[in-house]
Amino acid sequence: MWRSGASPLSLLWRILVPNVAPAVKVMAALVFLWTWNSFLLPLVMVSNQSLYTVTVGLSTFQGSHFNNYAALAAGSCLAALPVVLVYLFAQRSFISGLFAGSQVE
């Protein structure tokens, strides 16, 4: 039997994947952001301080009688840096993912 047209795998890679690529990139960046900023689950589940996430580690800078605001501010800037870099790297994907279905021709 003779077939014309593209194979199902070709349809997937040439038509479907390019259409959903911006949405997948945005979702990957958001999952990275949520994972990077996770606080409650590592606070409850992790007992070893060397395995804390950045946000839980920053919370240990605050005490009941001592607050090191300079270290807390520096740590917050360093904790925000990877998120800012991911956003700058994926900025074009964010914009195209946000406006993916809104173009009228």
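Predicted model: local features only at pLDDT ≥ 70, side-chain atom pairs only at ≥ 80, totals over all residues.
## The chain as a whole

Let's start with the overall fold: the chain has 5 helices and 0 strands.

How much of the chain is buried? Of its 105 residues, 12% are buried. The chain exposes about 8600 Å², and carbon and sulfur atoms supply 69% of that area. Contacts also tell us something about the fold: among those between residues at least 6 apart in sequence, 41% join residues at least 24 apart.

## A look at helix H4

Now let's visit helix H4, which covers residues 69-89 and has 21 residues. From its first C-alpha to its last, H4 reaches 30 Å, close to the 30 Å expected at 1.5 Å a residue. Where does H4 have a kink? Look at leucine 81, shortly before proline 82, where there is a kink of about 30°.

Some residues of H4 are tucked away from the surface: Leu72, Gly75 and Ala79 are buried. The cover over the buried residues of H4 includes helix H1 (8-36) and helix H3 (54-59).

## How H1 and H4 meet

The axes of H1 and H4 come within 10 Å and cross at roughly 175°. Angles over 145 degrees count as roughly antiparallel, so H1 is roughly antiparallel to H4.

Which residues make this contact? On the H1 side they are Ala29, Phe32, Leu33 and Trp36, while H4 contributes Ala79, Pro82, Val83 and Val86.

Definitions and conventions. Residues numbered from 1 in each chain as written. Heavy atoms only, no water. Helix = DSSP H or I, 4+ residues; strand = E, 2+ residues; numbered from the N terminus. Expected span 1.5 Å × (residues − 1). Bend = angle between axes of the 7 residues up to and from the residue. Buried < 20%, exposed > 50% of the residue type's maximum accessible area, 1.4 Å probe, protein only. Contact = heavy atoms within 4.5 Å. Areas by Shrake-Rupley, 256 points an atom, 1.4 Å probe, with all protein chains shown as cover. Axes fitted to C-alpha atoms, helices over the stretch in contact; angles between N-to-C directions. Parallel < 35°, antiparallel > 145°, perpendicular 65-115°, else oblique.
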